[in-house]
Protein chains: 2
Amino acid sequence: MQKTELLQGTLDMLILKVLQRDPLHGFAIAERIQRLSEDALKVGEGSLYPALYRLQDRGWIESEWGQSENNRRAKYYKLTKVGRKQLEVESEGWDRLCVAIRQVMQSA
Amino acid sequence: MQKTELLQGTLDMLILKVLQRDPLHGFAIAERIQRLSEDALKVGEGSLYPALYRLQDRGWIESEWGQSENNRRAKYYKLTKVGRKQLEVESEGWDRLCVAIRQVMQSA
DNA sequence: ATTTTATCCCTCGACATTCGAGGTAAGGGA
DNA sequence: TCCCTTACCTCGAATGTCGAGGGATAAAAT
């Protein structure tokens with residue numbers, strides 16, 4: 001019995017979104033999603049890192065080793081040009097899905 | 001390479017919803033979801049039937065054999081009392097998730 | 001000086017769910 | 001008779017999430 005916090009598929013979109021402004025390292029990505037959602041969304045590391053590799057494999061993000069604010073080694077991710085495009089695609093897909101589900105859920 | 005039409009987890013909620021008014025047989029459930037969403041959501045039979053068993057196992061729906069409008073044998077499903085409660089739970093969960101995701105996606 | 005805590009990375013196996021492709025059966029029309 | 005449609009069901013592959021692990025190092029506490 002396992003409750004899925006995140007709906008499958010939305011994590012990729014969320015990651016792309018929080019990278020839209022500046023590059024972030026993995027840990028910070030999870031923190032930011034959690035903070036922006038006011039703790040409604042918690043991204044476990046077991047979901048996060050696989051997702052980051054997935055996105056990188058697909059060419060939507062790039063990574064580079066650097067130094068974190070706390071002086072630790074950290075891998076910084078940033079959106080690629082294709083990634084920006086993909087963010088739009090996913091965002092629109094999400095909107096369409098929400099509309100579709102609302103149509104069903106609000107059918108009298 | 002497989003595009004997930006439905007987000008994982010939403011199918012249960014949608015099924016419960018379309019059963020809210022009247023009992024329906026499986027085939028009709030899929031049709032109604034598709035129609036209400038204006039073809040945005042397509043429920044394949046490979047997703048539908050496992051979901052129906054799942055919901056029945058959890059005590060959210062009950063089934064009974066009957067006769068379809070087209071004079072064929074069909075299994076009619078209807079919501080249980082617990083199922084009605086569950087529909088509320090899932091509906092609220094979905095709303096909360098939408099809010100949370102919107103907070104992230106609309107962060108400037 | 002040593003221990004603890006916090007940050008940051010990663011991997012693994014278990015699990016749930018979706019999906020496409022298959023298979024069965026029976027009604028109704030050509 | 002043959003085929004189309006309706007309606008049921010099952011299977012294996014693929015995907016993604018999760019919790020529980022493990023490792024390394026910086027900073028803080030003891």
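**A tour of the two-chain model**

Begin with both chains displayed: chain B is superposed on chain A by a rotation of 180° with a shift of 0.0 Å along the axis, at an RMSD of 0.0 Å (least squares on the C-alpha atoms of residues with pLDDT of at least 70 in both copies). This is therefore the relation of a two-fold axis. The model is predicted: local features need pLDDT of at least 70, side-chain atom pairs count only at pLDDT 80 or more, and totals for chains, interfaces and linings use all residues. Residues are numbered from 1 along each chain as its sequence is written, with chains lettered from A and ligands numbered from 1 in the order in which they are written.

Select Gln8(B) next; of the residues of chain B, its C-alpha comes closest to the rotation axis, at 2.8 Å.

Now select the interface. Here 24 residues of chain B are in contact with 24 residues of chain A (C-beta atoms, placed from the backbone, within 7 Å). On the chain B side, helix 1 (10-18), helix 2 (26-36) and helix 4 (81-105) each give two or more residues (helices are DSSP runs of H or I, at least four residues, numbered from the N terminus). Helix 4 of chain B supplies the largest share, nine residues. The side of chain B that touches chain A holds 13 nonpolar, eight polar and three charged residues (nonpolar: Ala, Val, Leu, Ile, Met, Phe, Trp, Tyr, Cys and Pro; charged: Asp, Glu, Lys and Arg; polar: the others, Gly among them). Of the contact residues of chain B, 100% recur in chain A, and the same surface serves both copies.

Finally, within chain A, select Leu11(A), Asp12(A) and Ile15(A) of helix 1 together with Ser47(A), Ala51(A) and Leu55(A) of helix 3, which make the contact between these helices. By class, this contact has four nonpolar, one polar and one charged residues.

Conventions
Contact = placed C-beta atoms within 7 Å.
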